[in-house]
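Here is a briefing on the salt bridges of one protein structure.

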Amino acid sequence: MNDKTQGPLFAQFRHGRPLTVEEDQQAIKALKEWEAGVKAAVRAERLLEWDPAQGWAPLCAFLGVPVPETEVPKGGAEEQYKYAVWADLAKGWGL
């Protein structure tokens, strides 16, 4: 496993303790380094940088699948994070 995503900073964030400014900066730096590594390792024609604000069309074209009739789900990062944390806890509790 990559220690930049599985190290102490990631663990502290995942368990709900707010990051300090320094930890936040370290996490952002690690993410940018990881993204650069992915871009360097993956051929351009096999990599899609997609933002949900773009809608389904670019993603579906990249995957070669039809565009769904439903809109791309919207939700803030905070809500998604809370869901991920509770989903992890539920798995750990056997729910």
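**Salt bridges in the predicted model**

The structure holds three salt bridges (a side-chain nitrogen of Lys or Arg within 4 Å of a carboxyl oxygen of Asp or Glu). This is a predicted model: local features need pLDDT of at least 70, side-chain atom pairs count only at pLDDT 80 or more, and totals for chains, interfaces and linings use all residues. Residues are numbered from 1 along each chain as its sequence is written, and side-chain values use heavy atoms, with hydrogens and water left out.

**Within helix α3**

- Glutamate 33 pairs with lysine 29 in a salt bridge, with 3.6 Å between the closest N and O atoms.
- Both residues lie in helix α3 (residues 21–41), four residues apart, about one turn of the helix. Helices are DSSP runs of H or I, at least four residues, numbered from the N terminus.
- Glutamate 33 counts as partly exposed at 34% relative accessibility; lysine 29 counts as exposed at 54%. Buried means under 20% relative accessible area, exposed over 50%, partly exposed in between (1.4 Å probe, protein chains only).

**Between helix α3 and a loop**

- Lysine 39 and glutamate 49 form a salt bridge through their side chains, at 3.3 Å from N to O.
- This pair links distant parts of the chain, 10 residues apart: lysine 39 is in helix α3, and glutamate 49 is in the loop between α3 and α4 (56–63).
- Lysine 39 is partly exposed, at 44% relative accessibility.
- Glutamate 49 is exposed, because its relative accessible area is 55%.

**Arginine pair**

- Arginine 43 forms a salt bridge with glutamate 45, the closest N and O atoms lying 2.7 Å apart.
- Arginine 43 and glutamate 45 are both exposed.

Note on methods
Helix = DSSP H or I, 4+ residues; strand = E, 2+ residues; numbered from the N terminus.
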